[in-house]
Amino acid sequence: MLNPYLLRKELLLVSEKLSKKCFNLDVSLMSKMENERKKLQVQTENLQYKHKLLSDLFRKSKILKENNDILKNKIIRSKENLDILKNKLNLLKEKIHNFSMSIPNIPSEDVPRGTGYSNNKIIKYWGEKKKYNFIIRDHIQIGKNFNQINWEEASKISGSRFVVMKGKIALLHRALTQFMLDIHTNEHGYIETYVPYLVNYDALYGTGQLPKFSNDLFHVNSIDKKKYILIPTAEVPLTNLFRNEILNETSLPIMLTACTPCFRSESSSYGRDVKGLIRLHQFDKVELIQIVKPELSMQTLEILTNHAEKILQLLELPYRKVLLCGGEMGFSATKTYDLEVWFPSQNKYREISSCSNMGDFQARRMQTRYRKKLDKTNNFVHTLNGSGLAVGRTLAAILENYQQEDGRVKIPKILQAKYLQNMQFIS
């Protein structure tokens with residue numbers, strides 16, 4: 001959530017900055033609630049002071065053994081009025097809090113203004129697109145030709161937007177997961193972490209998926225009436241490991257990675273990529289998170305994005321790095337880079353990783369702070385996360401970019417010896 005001070009003192013400025021995200025902040029409603037809160041706060045504090053004076057008088061009258069019935073009745077009425085005011089104030093504070101939780105993070109100054117994809121800023125291109133002297137097949141057709149990717153079987157047991165993989169393609173999928181984790185742990189310094197796939201509501205409030213994106217999540221009710229949600233990304237459990245914690249400055253930065261299935265209803269993207277591996281209800285992803293001191297977060301975003309890029313470079317997959325405009329950014333992000341890999345069958349780049357700096361937005365929701373070594377003050381950390389990478393989309397990109405005229409698919413050289421027993425082709 002945003003710093004409450006900004007919503008109280010810099011409301012118009014916040015509204016202007018949020019317009020870059022195409023978010024219309026209801027300034028009049030916020031102002032009205034805040035003015036009412038101030039008024040109730042003053043009334044409550046004044047009545048508390050008067051109630052204390054009456055209570056002190058009552059205690060003195062008891063010591064002096066004076067008749068204090070009138071005073072006693074005043075105290076009772078004062079307490080009743082005070083309780084009414086406190087209740088009003090608490091209800092209003094809760095309303096302001098709920099309103100604040102629906103406000104997205106403020107975009108960074110260098111984020112482009114705009115509402116659509118065309119307003120994103122391309123930062124760089126990497127790699128050469130292969131030239132093919134045969135009709136290009138998409139990854140759906142390639143998977144069917146091998147009889148190793150099957151959507152019909154998945155639909156029979158689960159429904160649409162699920163997939164079954166078999167044989168060498170399933171092996172390649174597993175190899176990609178292991179390869180990504182090895183690079184991020186051995187070369188980039190992340191700690192591999194195993195996390196639950198079911199989380200409570202507090203965890204999703206902490207990272208910002210709730211309350212706004214409830215319809216995009218899979219909700220689960222257990223037998224004992226406990227409510228869980230299947231994780232949409234490992235960012236949720238990894239970042240929430242530090243909810244309600246005060247960390248030592250010397251423990252920062254914290255760098256964690258995990259490969260988990262991700263579950264998304266995709267309710268807001270009906271009709272988009274209904275076939276293939278691009279947009280599934282369940283898919284595997286290697287996630288990267290970092291928790292850092294505020295002054296290092298923008299620098300860390302560049303480093304984290306480079307870590308995701310390294311995977312694409314080692315796999316020799318052409319890609320581009322894109323700075324998202326305000327209207328394309330996520331709810332919790334202050335700045336986001338997308339990495340888009342080349343899909344020859346579509347003749348376009350498609351997102352394969354999204355790397356974001358959340359600033360202190362998630363930390364405020366989770367109450368995650370760190371204690372400065374010098375002055376011992378507690379300050380909010382900054383959180384960052386990124387895909388390193390989405391495994392299914394990486395697999396799809398390999399199938400398309402490495403396809404051969406005879407129908408085979410060549411295995412990227414980096415995977416052959418260590419991860420696939422020197423297998424050179426899928427055929």
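User: Okay, so on a 1 Å grid over the protein atoms alone, a pocket is an open set of points with protein on both sides within 12 Å along at least five of seven lines. What volume does the second largest pocket have?

Analyst: About 280 Å³ for the second largest pocket, where points are joined across faces, edges and corners and the volume is the space filled by probe spheres set on them. Keep in mind that this is a predicted model: local features need pLDDT of at least 70 and side-chain atom pairs pLDDT 80 or more, while totals for chains, interfaces and linings use all residues. Residues are numbered from 1 along each chain as its sequence is written, and side-chain values use heavy atoms, with hydrogens and water left out.

User: How many residues line that pocket, and which lie nearest its centre?

Analyst: The second largest pocket has 18 lining residues, meaning ones with an atom within 4 Å of a point. Nearest the centre of this pocket are L6, K17, N105, I106 and T334.

User: Which elements give two or more residues to that lining?

Analyst: Those are α2 (11-18) and α11 (361-366). The labels are DSSP runs numbered from the N terminus: helices are H or I with at least four residues, strands are E with at least two. α2 gives the most to the lining of this pocket, with three residues.

User: Switching to cavities. How many are there of 30 Å³ or more?

Analyst: One. A cavity is a set of points where a 1.4 Å probe fits but cannot get out. The largest cavity comes to about 40 Å³.

User: And which residues line the largest cavity?

Analyst: L277, I278, R279, L280, F283 and D284 are in the lining, together with A390, V391, G392 and R393. Two elements, β10 (282-292) and α12 (391-401), each supply at least two residues of it. The largest share of the lining comes from α12, with three residues.

User: Tell me about β10. Why is it called largely enclosed by the rest of the structure?

Analyst: Because nine of the eleven residues of β10 are buried. Buried is under 20% relative accessible area, exposed is over 50%, and partly exposed is in between (1.4 Å probe, protein chains only).

User: Which strands are joined to β10?

Analyst: Strand β9 (residues 254-263) is joined to β10 by ten bridges, and the two run antiparallel. Seven bridges join β10 to strand β16 (residues 382-390), also antiparallel. For pairing, DSSP has to find at least two bridges between two strands.

User: Now the aromatics. How many pairs does the structure hold?

Analyst: Eight aromatic pairs. Rings of Phe, Tyr and Trp (its six-membered ring) pair if their centres lie within 6.5 Å; planes under 30 degrees apart are stacked, over 60 edge-to-face, the rest tilted. The rings of F331 and F361 have centres 5.7 Å apart and planes at 75°, so that pair is edge-to-face.

User: Where do F331 and F361 sit in the chain?

Analyst: In distant parts, 30 residues apart: F331 is in the loop between β11 (319-323) and β12 (335-343), and F361 is in helix α11. Both residues, F331 and F361, are buried.

User: What about W342 and Y349?

Analyst: Their ring centres are 5.0 Å apart and the planes are at 65°, so W342 and Y349 are edge-to-face. W342 is buried at 7% relative accessible area, and Y349 is buried at 10%.

User: Last one: where is I103, and is it buried or exposed?

Analyst: I103 lies in the loop between α4 (69-101) and β1 (121-126), and it is buried at 0% relative accessibility. I103 and F23 are 80 residues apart in sequence and 8.2 Å apart in space, C-alpha to C-alpha.
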